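Colleague: I am new to reading protein models. Please take me through a few features, one at a time.

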Amino acid sequence: MHLKEDPIFTRSRKGKKAYTIQEEKVFSSLYDKYREEIEQYIRRDEINLPELSEPDVIRHFIRLSNMNYNVDLGFYPLGSCTMKYNPKINEFVSSLEGFRALHPSQPDNTVQGALRIMYELALYLAEISGMDAVTLEPAAGAQGELTGIKIIKKYHEKNGEKRKYILVPDSAHGTNPASTTLAGYVAKTIKSNKMGMIDVDELAKHLNEDVAGLMVTNPNTLGIFERDIKQIAEMVHSVGGLMYMDGANLNAILGYIRPGDIGFDVLHFNLHKTFSTPHGGGGPGSGPVGVKAFLKEFLPGYEVELENGVYKRKPHGKWSIGKMLAFLGHFSVMVRAYTYIRMVGKEHLREIAENAVINANYLKKLIKDAGYEVPYDSIPMHEFVASGESIKKKYGIKTLDIAKRILDYGFHAPTVYFPLIVHEALMIEPTETEAKETLEAFAEAMKQILKEARENPEILKKAPHRTPTGRLDDVYAVKNLKVKYEEEQ
Ligand SMILES: *Cc1c(COP(=O)(O)O)cnc(C)c1O
């Protein structure tokens, strides 16, 4: 289906309106009363928004949405991203008037329900992770990392120490070294061993009094659980370093392992991954940070407290790292996560991990049977990484071609070319919300693609063929942004 859709500005016609208010002077009595205060805030310049009718606006956005792929439309096996189905009850609860129409500056006594949600969610997350205190403030996972690393830094500063390095395994998400650098540390890479886990001997070589901490994703981005983690934590602690856990993959261990019980001092959650919330297109997210009791005083922003049945916001004290975000964080994502946890229920949370792991293992078997290689081939947790390296050698087909062709079969592509330690990587995470039939249909499509690579490679090199736009030169597109539709020559 080829749809023509120009930017909404090109449809603007002078005088068109999406709504009309008959009584133009509704606010006039208030206006008269506060004229002076109000006038200083009145905009003097034209705002230059497009002028359109309601059908113009609705149809524009519905047409755009029809050109897009989304998790309500089909399977989204994007490794590391945990693109699980988002139950509609989350949307219902988070859009209730009493939540949606709040302002964060309202006095505490007018927002007791919202504060209660935040208070209880922080308690649930602490219980789930084995941490002692949780801040809900960070905007997403990467900002949670920055928050956590700043907490580690402040802790060392309070102890009068100036440490230089944060150690990061080579299987880490790119945000880990980035957050480390932004917080003022040097990120040092630790090589993985043949099993795809942190190499303990390699780690030992890098450990000294200049190490502020180790940042680990567990299970890591290969989907492999770091089995030596307790020993690793002891090693890092023995030189005075702290253990940071990137909790983006928490859905793999939920209800089975608590990071706080296996040696971690700080971790961030990705509420928008582990506890649902749609997050394709870059947001919104929420990246709460949990810490052990000895780090509580460094938490950012506010804490919600319960005193004599009343919920109150209380700023953290003098050792707080300060504020990371305006107000209290992304509240609507917190409501979704809260709803998800309450809906699944305490007794059943671990079934999330069970289904995530069994789905990944089943799909890995199907993908291997379909003819794809899986280099770090131990039992994966919630995701696995296949490699298109031998396919590239044999047929001249790149992993990118496979990823583009899978779109023609009605699926979103897996994550490609990440993690960097696997060549021609195809990183696949089915998540716990997908049915067996869906996994089988996806594997069947991957099998067909391999057949095409053998018999008709040209079709792959020019894929996709059935999407609203064909293969784009993404580097050119980034450098020469052109949003207006033009007929293809
Ligand atoms: C998604 C992810 C992040 C970053 O989280 P955002 O919410 O996208 O900022 C960090 N680490 C891992 C392992 C991730 O999968």
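Modeller: We will go through a helix, some strands and a helix pair.

Modeller: This is a predicted model: local features need pLDDT of at least 70, side-chain atom pairs count only at pLDDT 80 or more, and totals for chains, interfaces and linings use all residues. Residues are numbered from 1 along each chain as its sequence is written, and side-chain values use heavy atoms, with hydrogens and water left out.

Colleague: How far does helix H7 reach from its first C-alpha to its last?

Modeller: Helices (H or I, at least four residues) and strands (E, at least two) are DSSP runs, numbered from the N terminus. The expected span of a helix is 1.5 Å times one less than its number of residues. H7 covers residues 141-158, which is 18 residues. Its reach is 26 Å, close to the 26 Å expected.

Colleague: Which residues in H7 are buried?

Modeller: Buried means under 20% relative accessible area, exposed over 50%, partly exposed in between (1.4 Å probe, protein chains only). Among the buried residues of H7 are Gly141, Leu146, Ile149, Ile152 and Tyr155. Just after H7, Gly160 has a positive phi of about 75 degrees.

Colleague: Which way do the residues of strand S5 point?

Modeller: In a regular strand the side chains alternate between the two faces of the sheet. In S5, Leu242, Tyr244 and Asp246 point one way. Met243 and Met245 point the other way. All of these are buried. S5 spans residues 242-246.

Colleague: How many bridges join strand S4 to S5?

Modeller: Two strands pair if DSSP finds at least two bridges between them. S4 (residues 211-217) and S5 are joined by 5 bridges and run parallel. Met215 has Tyr244 in S5 as its bridge partner. From S4 the chain crosses through helix H10 (residues 229-238) to S5, in a right-handed β-α-β crossover. Right-handed means that, with the strands pointing away from the viewer, the path from the first strand over the helix to the second runs clockwise. S5 is also joined to strand S6 (residues 266-268) by 3 bridges, again parallel. There, Tyr244 stands opposite Val266.

Colleague: At what angle do helices H6 and H12 pack?

Modeller: Axes are lines fitted to C-alpha atoms, for helices over the stretch in contact, and angles run from 0 to 180 degrees between N-to-C directions. H6 (residues 112-129) and H12 (residues 331-344) pack at about 60 degrees, with axes 10 Å apart. Angles under 35 degrees count as roughly parallel, over 145 as roughly antiparallel, 65 to 115 as roughly perpendicular and the rest as oblique. H6 and H12 are therefore oblique to each other.
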